Amino acid sequence: MNKRKSLKELNLLDKFLFDEAMDDPENVKTMLDIILSQKTNLKHPPQTEKEQRTSTDNRQIRLDVYAMDEDDVIYEVEAQKENTHNLPKRSRLYQGIIDSKLLLPGVIDFNLLNEVLIVLITPFDLFGYDLYRYTFQMRCEEVPELKLDDGATRIFLNTRGKHPE
């Protein structure tokens, strides 16, 4: 059985403290500004613990932080303390479920899909290159400079990186 930690023993990757901190829209804005190295202007207050599912019979997900900026870019931020060895595919599931909610039934113009940026913050190096940040966007294997430009970005942050650049 897990021993309950005192408040001073917690860090921002602990669920309780992360959720409490992210309930403040200014904290979410500051976090996104730092991660993206740009100013972010949120359109609405961010939602924490937002549940998403495509139907009552399908798998649901619970998003730690869900926000949208004034350009309708959607941000989903997760704090993941333990390496579950499934985060790349989990981020893919999150991307798919988020995307499935963005168009009304019958809309056939997929160019109306919002840009979606998923950020996973971890205290471990998921990929083993000692980087603080790993940013993924779809690219062509045969022509690496050819970007798919589908509006999907996934960022994995490693709080224990060793390369400041």
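Guide: Let us begin with accessibility, where buried means under 20% relative accessible area, exposed means over 50%, and partly exposed lies in between, using a 1.4 Å probe and protein chains only. The model is a predicted one, in which local features need pLDDT of at least 70 and side-chain atom pairs count only at pLDDT 80 or more, whereas totals for chains, interfaces and linings use all residues. Residues are numbered from 1 along each chain as its sequence is written, and side-chain values use heavy atoms, with hydrogens and water left out.

Visitor: What makes phenylalanine 127 and phenylalanine 156 an aromatic pair?

Guide: Rings of Phe, Tyr and Trp (its six-membered ring) pair if their centres lie within 6.5 Å, and planes under 30 degrees apart count as stacked, over 60 as edge-to-face and the rest as tilted. The centres of phenylalanine 127 and phenylalanine 156 are 5.3 Å apart with 85° between the planes, which makes the pair edge-to-face. Phenylalanine 127 lies in the loop between β4 and β5 and phenylalanine 156 in strand β6, so the pair ties together parts that are 29 residues apart in sequence.

Visitor: Why is the pair of phenylalanine 136 and phenylalanine 156 called edge-to-face?

Guide: The ring centres of phenylalanine 136 and phenylalanine 156 are 5.7 Å apart and the planes stand at 85°, so this pair is edge-to-face. Because phenylalanine 136 lies in strand β5 and phenylalanine 156 in strand β6, the pair links parts that are 20 residues apart in sequence. Phenylalanine 136 is partly exposed at 40% relative accessible area, and Phe127, Tyr134, Phe136 and Phe156 form one aromatic cluster.

Visitor: How do you know that strand β6 pairs with β4 and with β5?

Guide: Strands (E, at least two residues) and helices (H or I, at least four) are DSSP runs, numbered from the N terminus, and two strands pair if DSSP finds at least two bridges between them. Strand β4 (residues 116–122) and β6 are joined in the parallel sense over seven bridges, with isoleucine 118 opposite arginine 154 in β6. Strand β5 (residues 133–136) runs antiparallel to β6 and is joined to it by four bridges; there, leucine 157 is the bridge partner of arginine 133. Six of the seven residues of β6 (residues 152–158) are buried.

Visitor: Why can the buried residues of α1 be said to line one face of the helix?

Guide: In α1, Phe18, Asp19, Ala21 and Met22 are buried. Seen down the axis of α1, the buried residues fall within an arc of 165° (taken from the directions from the helix axis to the C-beta atoms), so they line one face.
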